Amino acid sequence: MKERPDIGRPPAADACQALAWSDAMLLGHGPIDAAHQEFVEVVNALAHCSPDTAAACLQDLEAHIHSHFATEKAWMEKTDFPAAECHIDEHERVIDAVQKVNAKLCLGELGLADVRRLAQALADWFPAHAAYMDSALSAWINKKTYGGAPVVLRRDMRADQRHAEVGA
Ligand SMILES: [Fe+2]
Ligand SMILES: [Fe+2]
């Protein structure tokens, strides 16, 4: 990685709003939930990378999203998920963005601030994608596999969160 003016500078205090894993993010399908927990880990690693670790963190992220999105695509195909196209399109846009940043980082055209901006963009993107697209996929898989919605046991959730979820 070439020297860039922003490399080595400490990030601003609000440089990345953390994406923290909690049971509130569980969707009730083991392989998807495992991929999501790993997604949170690799995005956080990228958000807190240093000039020395940026390239490796970005490569880990790229490898992760290929595996994560391939897992979901395989389940869509296996269960004839009806909304597969727009879900896969969104995955493709994320892969494209990550690959572009990775390629430019390797060429020395981007620096640490750009990498952290990507981490923030992914942290901003993920909750809605998981809540709508991945949640719908998880519900579909469970319905096709077991004939109903999953029972998800979530630890350490406040009572008001639980009430909000069930619409009480
Ligand atoms: Fe996902
Ligand atoms: Fe997805």
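Visitor: Over residues 1–15, under what value does pLDDT stay?
Guide: This is a predicted model, and pLDDT expresses the predictor's confidence in each residue, from 0 to 100. For residues 1–15 the model has 16 contacts beyond four places in sequence. Over these residues, pLDDT stays under 50.

Visitor: What pLDDT does the protein chain average?
Guide: A score of at least 70 is reached by 82% of the residues. The average pLDDT of the protein chain is 86.

Visitor: Is H2 roughly parallel or roughly antiparallel to H3?
Guide: Helix H2 covers residues 54–78 and helix H3 covers residues 84–106. Their axes lie 10 Å apart, and the packing angle is about 165°. Angles over 145 degrees count as roughly antiparallel. Therefore H2, relative to H3, is roughly antiparallel.

Visitor: How many residues of the contact of H2 with H3 are nonpolar?
Guide: The crossing of H2 and H3 is left-handed. On the H2 side the contact includes Leu58, Ile65 and Phe69, and on the H3 side it includes Ile88, Val94 and Leu105. Of the residues in this contact, two are charged and six are polar. The number of nonpolar residues is 14.

Visitor: Is H2 roughly parallel or roughly antiparallel to H4?
Guide: H2 and H4 pack with their axes 13 Å apart, at an angle of about 15°. Angles under 35 degrees count as roughly parallel. Therefore the orientation of H2 relative to H4 is roughly parallel.

Visitor: How many residues of the contact of H2 with H4 are charged?
Guide: H2 passes H4 in a left-handed crossing. Residues of H2 that meet H4 include Glu72 and Trp75, while those of H4 include Asp134 and Leu137. This contact has eight nonpolar residues and no polar ones. The number of charged residues is two.

Visitor: Does Thr53 count as buried or partly exposed?
Guide: Thr53 lies in the loop between helix H1 (30–47) and H2. In space, its C-alpha is 9.8 Å from that of Leu112, although the two residues are 59 apart in sequence. A residue is buried if 20 or more other C-beta atoms lie within 10 Å of its own, and exposed if 12 or fewer do. Because Thr53 has 15 C-beta neighbours inside 10 Å, it counts as partly exposed.

Visitor: Which residue is 78 residues from Ala121 in sequence and 9.8 Å from it in space?
Guide: Ala121 belongs to helix H4, which spans residues 112–146. With 16 other C-beta atoms within 10 Å, Ala121 is partly exposed. The residue at a C-alpha to C-alpha distance of 9.8 Å from Ala121, and 78 residues away in sequence, is Val43.

Key. Residues are numbered from 1 along each chain as its sequence is written. Chains are lettered from A and ligands numbered from 1 in the order in which they are written. This is a predicted model: local features need pLDDT of at least 70, side-chain atom pairs count only at pLDDT 80 or more; totals for chains, interfaces and linings use all residues. Axes are lines fitted to C-alpha atoms, for helices over the stretch in contact, and angles run from 0 to 180 degrees between N-to-C directions. Helices (H or I, at least four residues) and strands (E, at least two) are DSSP runs, numbered from the N terminus. Angles under 35 degrees count as roughly parallel, over 145 as roughly antiparallel, 65 to 115 as roughly perpendicular and the rest as oblique. A crossing is left-handed if the near helix is turned anticlockwise from the far one by less than a right angle, and right-handed if clockwise. Two residues are in contact if their C-beta atoms, placed from the backbone, lie within 7 Å. Ala, Val, Leu, Ile, Met, Phe, Trp, Tyr, Cys and Pro count as nonpolar, Asp, Glu, Lys and Arg as charged, and the others, Gly among them, as polar.
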